[in-house]
Amino acid sequence: MDLLEQQVLTALKEGHESAFEMLFRTYYSPLCNYAYSFLNDRDEAEEVVQSTFINVWDKREAIEIQTSMKSYLYRMVRNSCLNVIKHEKVKKQHVAHEMAGGEPMHEGVSQSVISSELEQKIYEAMKALPEQCRLVFQLSRFEELKYAEIASQLEISIKTVENQMGKALKIMRIQLKDYLPLLLIFMKDWIL
Amino acid sequence: MNDIDDLIGKVLAGEASAEEQIQSQNWIRESAANQKYFDQIKTIFERASANQVQLQFDADAAWRRVKGKLSGQKPLKQLWFKTPQFARTLRIAAGLVLILTGGLATYKWYVQPIETFAVVSDTVVVSDTLPDGSAAFLNRKSSLSYEYNPREKKRKVKLTGESFFEVKHEEEKPFIIEAQEVLVQDLGTAFNVKAYPNSDTVEVIVKSGEVQIYTLKNPGLHLGAGETGIYSKRSREFSKLVKADTNALAYKTGIFSFNKTDLGSIIDKINEVYDTHIVLNNEKLAKCQITVNFNNEKLDTVIEVIAETLNLTVTKKEKEILLDGAGCQ
């Protein structure tokens, strides 16, 4: 943790609301996007992030951070999201809607990340995966969690994690088969 | 073929044992088709990205919501509104209210959320208007949280530190302040409450109107205009001050009135209100008495007047202001 972060953390622990506000305004939007990648629902994402921050404030005196404020917050949000998913059904309608026109749910409040068509397709395929498959894939690929950690988080066996990952890759490969051969010719050089 | 996908998955995720890695390499080498199969999956894995769209979220609006929930204790009712299920019930019920008319008290109850509001001050005096129209003027390092519960019909304020209140009196909605352990109920008023956590006392000064100050165990006192009530946390007793300190409200009004007051006390008061560090170089100066009034003056003016009156020199240093002189007698 760098010096500035250390100071902010100290100020937070002492109860300075201004330090807390700074953290809030800095991380709110990115954390909401992050939560959205799990929950596929804007309101729920905001709900989770706000609850997380309030939690941080309530427990401010006892916070012990080994890594950085940022990873601490991300980890808390991730755990909350997984908790929400455990207790709620994922809204398949949202996913279907996103897939249909490729349009974001709310007009004018989003901007596209610049990416190739392939990446867009991969993203859509990923979002359409069965919930547990998608979660396992996300946690391994983006959160870089070990299978053992994923197993523990989702309360499943490591074998199941292996199967779900395999299934995710299998489904996506079949879905994207049509896009891959063409591009592979051009990309052969950089893959290896 | 699921097994090969599992295996490839492990390899790509870095979970494969040495033996498994050899196994996969052997499989890939078996045919061009296998090689292609592997490449396809590897591409998918590597080119997958978490976000295709960066959604915009309104941090300002969110902050206002969160800020209101930051007091020390969360009222139990707030928990209901945190769960997604209840929030949905709220939205549904709100829709229903539009359609249904008349006499459905239960729906009305669900639809009216608890209003919360908070004000915090740090190094300067802060004033704000509470949702009910009452005004609060906070001295430094103070904070208050306001909550109106439509079911209990009570306006509740929790105060740490010091604040002056001008309460918009409403008969059916009593305004009650919780200051440390003391409760102050407005009976149509403007008054000041001083409740710093490390002080032994909680002080209430009434400017106009009346208040009742009490604790859960002690029926307390009734205070009228111009009266000051003091509660001692140690002895758990209330007492009334005979003479009100007219300068206690100085931080709010910026009006000082010193009548043959010794300089030591005056400097203390000014330091408190203007957040300065004025120091008397000569101990004897502390006992000099002066009679002087200030009405919303700038600090420089205040110091100038005092210096002129007592023939003092003023030296401004980085963190303090030094007053020096010969003394009075």
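The model is predicted: local features need pLDDT of at least 70, side-chain atom pairs count only at pLDDT 80 or more, and totals for chains, interfaces and linings use all residues. Side-chain values use heavy atoms, with hydrogens and water left out.

**Chain A: overall make-up**

- Chain A holds 10 helices and one strand. Helices (H or I, at least four residues) and strands (E, at least two) are DSSP runs, numbered from the N terminus.
- Starting at the N terminus, the order is α-α-α-α-α-β-α-α-α-α-α.
- Of the 192 residues in chain A, 48% are buried. Buried means under 20% relative accessible area, exposed over 50%, and partly exposed in between (1.4 Å probe, protein chains only).
- Take contacts in chain A between residues at least 6 apart in sequence: 67% join residues at least 24 apart. A contact means heavy atoms within 4.5 Å.
- Chain A has an accessible surface of about 9800 Å², and carbon and sulfur atoms hold 53% of that. The areas come from the Shrake-Rupley method with a 1.4 Å probe; for residues, only the protein chains shown count as cover.

**Chain A: confidence**

- Mean pLDDT is 79 in chain A, with 78% of residues at 70 or more. pLDDT is the predictor's confidence in each residue, from 0 to 100.
- Among the elements of chain A, helix α3 (residues 42-58) has the highest mean pLDDT (93), and helix α5 (residues 92-101) the lowest (46).
- Residues 90-108 of chain A have pLDDT below 50; the stretch has 24 contacts in the model beyond near neighbours in sequence.
- Residues 185-192 of chain A also fall below 50, with eight contacts beyond near neighbours in sequence.

- R173(A) sits in helix α9 (residues 158-176) of chain A.
- Leaving out residues up to four places away in sequence, R173(A) touches Y37(B), Q40(B), I41(B) and I44(B).
- Buried residues of α3(B) include Y37(B), Q40(B), I41(B) and I44(B).

**Positive phi**

- Most residues other than glycine have a negative phi.
- E144(A) has a positive phi, near 55°. E144(A) lies in the loop between α7 (131-141) and α8 (147-154) of chain A. Its relative accessibility is 65%, so E144(A) counts as exposed.
- K260(B) has a positive phi of about 50°. K260(B) belongs to strand β15 (residues 255-262) of chain B. At 59% relative accessibility, K260(B) counts as exposed.

Note on methods. Residues numbered from 1 in each chain as written. Chains lettered and ligands numbered in written order.
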